[in-house]
Amino acid sequence: MEALRFFRRAFLSLAPSIVAIIWTIGFILTFLPSGLVLNTIGRNAGIIGVIIAAAFGSIVLIPAFIAFPLAASFLRQGADVRAIAAFVTTLVMVGVLTAPLEVKFFGRRFTLLRNSLSFVMALVIAFVMGEVLR
Amino acid sequence: MKIKAVPAILAVLAAATLLVWAMRPDKAIAILFVSKDYLVEMISILPPVLILCGLFDAWVPKRTIERLMGDASGIKGTSIAFLLGTVAMGPLYAAFPIGKSLLDKGASFYNVAVFLCVWASIKIPMILFEVKFLGAEFALLRLVLTIPAILLISALLNAFRMNASRIQ
């Protein structure tokens, strides 16, 4: 009974944020052209491309079973390996769209710090990988 | 996002969708369909997680978590946090309520941070998947770099938090 009451309270307070998050995702995925993405993170795009890829990974919420094949196809089409590493890493570690939920549980300060530290570390990981896999 | 901001954001989204619908009805329908898919996914994941948290809250004694993952638990506590994060399935937003429950039950801040970061980034089925699509070299190198990154992020989060409580 206690558990049910806990559930009801938590679920009702989360529901509006969830709907807002999901609706925003619907917008982004509908209007994002994939050719543009590829141009931005190609081998000639350099560090800016890596940062853009990291930012993109931070914002979108794509399940891994879609993200890895997508990343692989970008890689085959000539994307920078650093950009792909940055994208995959921020995709799992940084969540801009789920930040409102994180704030609800852990507060604004924690959310901001965890996400920005993860973003920076994702860039570090990407650049190290770029050196090693060259 | 404050709770008060959510209705405003929903109103903006509704207005924007209507605007898109007026110009490109097909795009508006696409927006709603993509949103529906994600909504179904979240709705099917969160309730079971929240119910488990409720059960955890009611049944697991605070002493147990304090002993296993508290400030004095050392490497053992961090290993438990690491393992919990690895074996659990599900997206990161499912980990927030669980991490909060652990924190409330006396797990150390550092261990909860490790738990959240590991949950987000290290999953055995996901690693296999990554190896399959992006190659073993790519996936394993990323894994090897991710582990120290997580420990560093958690240590920094812990340090910043200590600072904050000292100032206040």
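Trp23(A) touches Leu13(B) and Ser35(B), leaving aside residues up to four places away in sequence. Touching, or contact, means that C-beta atoms placed from the backbone lie within 7 Å. The model is predicted: local features need pLDDT of at least 70, side-chain atom pairs count only at pLDDT 80 or more, and totals for chains, interfaces and linings use all residues. Residues are numbered from 1 along each chain as its sequence is written, while chains are lettered from A and ligands numbered from 1 in the order in which they are written.

**Chain A overall**

- Chain A has 7 helices and 0 strands. Helices (H or I, at least four residues) and strands (E, at least two) are DSSP runs, numbered from the N terminus.
- From the N terminus on, the order of elements is α-α-α-α-α-α-α.
- Of the 134 residues in chain A, 45% are buried. Buried means 20 or more other C-beta atoms within 10 Å of the residue's own; 12 or fewer is exposed, in between is partly exposed, and C-beta atoms are placed from the backbone.
- Take the contacts in chain A between residues at least 6 apart in sequence: 80% of them join residues at least 24 apart.

- Trp23(A) sits in helix 1 (residues 2–31) of chain A.
- Trp23(A) counts as buried because it has 22 C-beta neighbours inside 10 Å.
- Glu102(A) is 79 residues from Trp23(A) along the chain, and their C-alpha atoms are separated by 18 Å.
- Phe68(A) belongs to helix 4 (residues 64–76) of chain A.
- Phe68(A) has 21 C-beta neighbours inside 10 Å, so it counts as buried.
- Beyond residues up to four places away in sequence, Phe68(A) touches Phe129(B), Glu130(B), Phe133(B) and Leu134(B).
- Val92(A) is 24 residues from Phe68(A) in sequence and 11 Å away in space, C-alpha to C-alpha.

**The interface between the chains**

- The interface joins 51 residues of chain B to 52 residues of chain A.
- On the chain B side, two or more residues come from each of helix 1 (5–23), helix 2 (25–59), helix 5 (92–104), helix 6, helix 7 (124–134) and helix 8 (136–167).
- Helix 2 of chain B gives the most to this side, with 18 residues.
- By class, the chain B side has 40 nonpolar, 5 polar and 6 charged residues. Ala, Val, Leu, Ile, Met, Phe, Trp, Tyr, Cys and Pro count as nonpolar, Asp, Glu, Lys and Arg as charged, and the others, Gly among them, as polar.

**Helix pairs**

- Axes are lines fitted to C-alpha atoms, for helices over the stretch in contact, and angles run from 0 to 180 degrees between N-to-C directions.
- The contact of helix 6 of chain A with helix 5 of chain B has 6 nonpolar, 1 polar and 2 charged residues.
- Within chain B, the axes of helix 2 and helix 5 come within 9 Å and cross at roughly 10 degrees.
- The residues in contact include Ile45(B), Leu46(B) and Val49(B) of helix 2 and Ala94(B), Pro97(B) and Ile98(B) of helix 5.
- By class, the contact of helix 2 with helix 5 of chain B has 9 nonpolar, 1 polar and 1 charged residues.
- The axes of helix 1 and helix 2 of chain B come within 5 Å and cross at roughly 140 degrees.
- Thr17(B), Val20(B) and Trp21(B) of helix 1 meet Pro25(B), Lys27(B), Ala28(B) and Ile31(B) of helix 2.

**Core and domains**

- The largest nonpolar core has 78 residues, and Ala86(A), Phe87(A), Ala122(A), Val114(B), Phe115(B) and Cys117(B) have the most contacts inside it. A nonpolar core is a set of buried Ala, Val, Leu, Ile, Met, Phe, Trp, Tyr and Cys residues joined through C-beta atoms within 7 Å.
- Helix 6 (residues 109–121) of chain B gives the most to this core, with 10 residues.
- Ala122(A) touches residues including Ala54(A), Ala86(A) and Met93(A), not counting residues up to four places away in sequence.
- Chain B is assigned domain 1 (1–49) and domain 2 (60–167); the bounds come from an automatic or database domain assignment.
- The C-alpha centres of domain 1 and domain 2 of chain B lie 31 Å apart.

Note on methods: Contact = placed C-beta atoms within 7 Å.
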